[in-house]
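These are my notebook entries on a single chain. I set down what I looked up, entry by entry.

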Amino acid sequence: MKQLAGVPFDLVSIEEYGILCGPQNDLKLWPVHTRTRDRKGRNLSPARIGGTVPEGMALVLTLHPGSFDSRYFGFVPLASLQKMEPVLTF
């Protein structure tokens, strides 16, 4: 499951310590790093996601290091996202 990290017109900056994303005066740090190889040693090409989230698009990320998210496939259409509610079980 991915988390909505950026919405249209949010700033996105890829730094060595993670990805900064959000409105200009309230950037949030996502401590995620882009890998250059998958667990089988195959090359991975990171997406070019720096700058501003385009209108109608979204940045989706997850903190799991092995997840494929916007770091690899870029911005996604905002209309394609579905809201998920967590379910707590005991």
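Entry on charge. I looked up the mean positions of the 10 positive and 8 negative charges of the chain and found them 13 Å apart. For this count Lys and Arg are positive and Asp and Glu negative, while His and the chain ends are not counted. Each charge is placed at NZ of Lys, CZ of Arg, CG of Asp or CD of Glu.

Entry on the source. I note that the model is predicted, that local features need pLDDT of at least 70 and side-chain atom pairs count only at pLDDT 80 or more, and that totals for chains, interfaces and linings use all residues. Residues are numbered from 1 along each chain as its sequence is written, and side-chain values use heavy atoms, with hydrogens and water left out.

Entry on the whole chain. I find 1 helix and 7 strands, in the order β-β-β-β-β-β-α-β along the sequence. Helices (H or I, at least four residues) and strands (E, at least two) are DSSP runs numbered from the N terminus. The C-alpha trace spans about 40 × 35 × 25 Å along its principal axes. Of the 90 residues, 32% count as buried; buried means under 20% relative accessible area, exposed over 50%, and partly exposed in between, with a 1.4 Å probe and protein chains only. The chain exposes about 6,500 Å², of which carbon and sulfur atoms supply 56%. These areas come from the Shrake-Rupley method with a 1.4 Å probe, and for residues only the protein chains shown count as cover. Among contacts (heavy atoms within 4.5 Å) with a separation of 6 or more, 51% join residues 24 or more positions apart.

Entry on R71. I looked up R71 in helix α1, residues 70-73. Is R71 buried or exposed? R71 counts as buried because its relative accessible area is 2%. Leaving out residues up to four places away in sequence, R71 touches I19, V32, H33, T34, P46, A47, I49, L61, T62 and H64. Its side chain makes a polar contact of 2.8 Å with the side chain of D69. A polar contact is a pair of N or O atoms within 3.5 Å; within protein, one must be able to donate a hydrogen and the other to accept it, and residues adjacent in sequence count only if both atoms are side-chain atoms.

Entry on D69. I place D69 in the loop between β6 (57-61) and α1. D69 is at 0% relative accessibility, so it counts as buried. Which backbone nitrogen does the side chain of D69 reach? It is that of T62, at 3.1 Å. Beyond neighbours within four places in sequence, D69 is in contact with K2, V60, L61, T62 and G74.

Entry on aromatic rings. My search of the whole structure gave 1 aromatic pair. F68 and Y72 form this edge-to-face pair, with 5.4 Å centre to centre and 65° between the planes. Rings of Phe, Tyr and Trp (its six-membered ring) pair if their centres lie within 6.5 Å; planes under 30 degrees apart count as stacked, over 60 as edge-to-face and the rest as tilted. F68 is partly exposed at 40% relative accessibility, whereas Y72 is buried at 12%.

Entry on L44 and P46. I find L44 in the loop between β4 (28-30) and β5 (51-52), and P46 also lies in the loop between β4 and β5. L44 is buried, with a relative accessible area of 15%, whereas P46 is partly exposed at 45%. Apart from residues up to four places away, L44 touches R35, T36, R37, D38, F68 and Y72; on those terms P46 touches T34, R71 and Y72. L44 and L27 are 17 residues apart in sequence and 27 Å apart, C-alpha to C-alpha. P46 and S70 are 24 residues apart in sequence, with 8.7 Å from C-alpha to C-alpha.

Entry on F9. In the loop between β1 (3-6) and β2 (11-15) I looked up F9, which is exposed at 57% relative accessible area. Most residues other than glycine have a negative phi. F9 is not a glycine, yet has a positive phi of about 80°.

Entry on L81. I find L81 in the segment after β7 (76-77), partly exposed at 33% relative accessibility. Its contacts beyond four places in sequence are L4, A58, V60 and V76.
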